[in-house]
Amino acid sequence: MAKWGEGDPRWIVEERADATNVNNWHWTERDATSWSSDKLKSLLLGLRVENDDGSCEVTEVSKVEGEASINNRKGKLIFFYEWNLKATWIGESKAGVKYTGTIEVPNLSDENDMEDLDISVSLNKDEPETPLTNLMKKNGAEKIREALGSYVGFLKTEFTQGMILPTANGVTKSTSQSKATVDNTRISSSGSTAAPVNTGVKIPTCKFSMKEKFLTSPSDLYRVFLNQEMTSAFTHAAAVVDGEKGGKFRLLDGNVFGEFTELIPDEKIVMKWRYNNWPSEHYATITMSLWDRSSETELKVECRGVPENEEERTREGWKRYYFEAIKQTFGFGARLY
């Protein structure tokens with residue numbers, strides 16, 4: 001017989017106010033099929049690409065067949081999803097001629113990487129040939145791939161809220177994986193209050209860069225990042241922004257925060273930047289360079305010191321919660337080439 005205070009910790013009952021799933025040991029499952037169907041439609045509908053030949057837009061999502069679920073076992077989230085998608089796109093040339101085609105994605109699954117996703121774009125048989133088909137096959141397919149990557153990110157953040165229950169000391173422990181890979185991809189705008197982990201050791205980091213174009217001037221885009229009201233507008237949440245060198249910022253319900261370390265008006269912003277759940281006191285260095293390209297501003301974002309296992313999540317978070325949100329909020333949407 002075990003002595004008092006000894007024994008397998010899995011069977012030691014913690015004091016929890018709700019007395020539910022102690023230590024997150026029991027298997028729990030949540031059906032994400034209905035939520036996923038709605039999310040996939042919302043992400044794909046209205047996707048638009050444009051070049052000198054004209055524009056193309058996803059106008060209908062006609063088939064969303066499949067299923068999705070999330071399982072929690074011993075504090076580990078396991079994701080299952082498998083989808084077969086079909087959509088309609090309509091292109092319009094500069095001369096006003098319209099064309100119709102289809103998009104098929106037969107293998108959106110937790111067993112496939114986004115890079116391996118089959119995205120088939122075709123023009124309807126009764127339509128004449130048009131260069132807009134190539135626009136959809138290249139730029140359109142890439143936008144669709146990004147949107148489907150966003151779905152996976154939302155599934156792993158937005159939909160999982162509350163699946164990992166806090167233990168007696170208030171700490172929420174969770175890891176997440178699909179059947180094929182371990183993958184965290186997104187900022188969760190709904191907020192995360194889990195305390196950051198102080199590892200006490202050096203963690204492996206990475207660096208990467210992204211470029212995006214905005215239909216506005218460098219001065220207007222520069223102001224978006226440093227003005228508290230404008231930041232609150234594009235994040236759709238209360239924000240704290242002190243737009244001076246040494247000034248602090250806190251966005252997305254405290255999920256993102258940091259400090260501005262170098263500011264060159266209308267040209268450059270350097271900041272210490274981190275997610276709330278990164279190891280304690282660990283910050284990435286984000287350098288934003290703004291270039292005047294006549295009617296557009298090109299923004300280059302260089303990220304250094306990002307934890308290796310947070311690279312994809314950080315990339316996707318910047319694309320959706322900075323680039324896309326700013327374009328949609330202020331009408332700075334750039335043309336795609």
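Visitor: How far is the sulfur of cysteine 206 from the closest cysteine sulfur?
Guide: This is a predicted model, in which local features need pLDDT of at least 70, side-chain atom pairs count only at pLDDT 80 or more, and totals for chains, interfaces and linings use all residues. Residues are numbered from 1 along each chain as its sequence is written, and side-chain values use heavy atoms, with hydrogens and water left out. A disulfide is taken as a pair of cysteine sulfur atoms within 2.5 Å, and the closest cysteine sulfur to that of cysteine 206, in cysteine 303, is therefore too far for a bond, at 8.6 Å.

Visitor: How many disulfides does a search of the whole structure find?
Guide: A disulfide is a covalent bond between the sulfur atoms of two cysteines. When the whole structure is searched for such pairs, the number found is 0.

Visitor: Is cysteine 206 buried or exposed?
Guide: Buried means under 20% relative accessible area, exposed over 50%, and partly exposed in between, with a 1.4 Å probe and protein chains only. Cysteine 206 has a relative accessible area of 15%, so it counts as buried.

Visitor: At what angle do helix H2 and helix H5 pack?
Guide: Helices are DSSP runs of H or I with at least four residues, numbered from the N terminus, and angles run from 0 to 180 degrees between N-to-C directions of axes fitted to C-alpha atoms over the stretch in contact. The axes of H2 (residues 132–157) and H5 (residues 311–330) lie 10 Å apart, and the helices pack at an angle of about 105 degrees.

Visitor: Which orientation class does that give H2 and H5?
Guide: Angles of 65 to 115 degrees count as roughly perpendicular, under 35 as roughly parallel, over 145 as roughly antiparallel, and the rest as oblique. H2 and H5 are therefore roughly perpendicular.

Technical notes
Helices (H or I, at least four residues) and strands (E, at least two) are DSSP runs, numbered from the N terminus.
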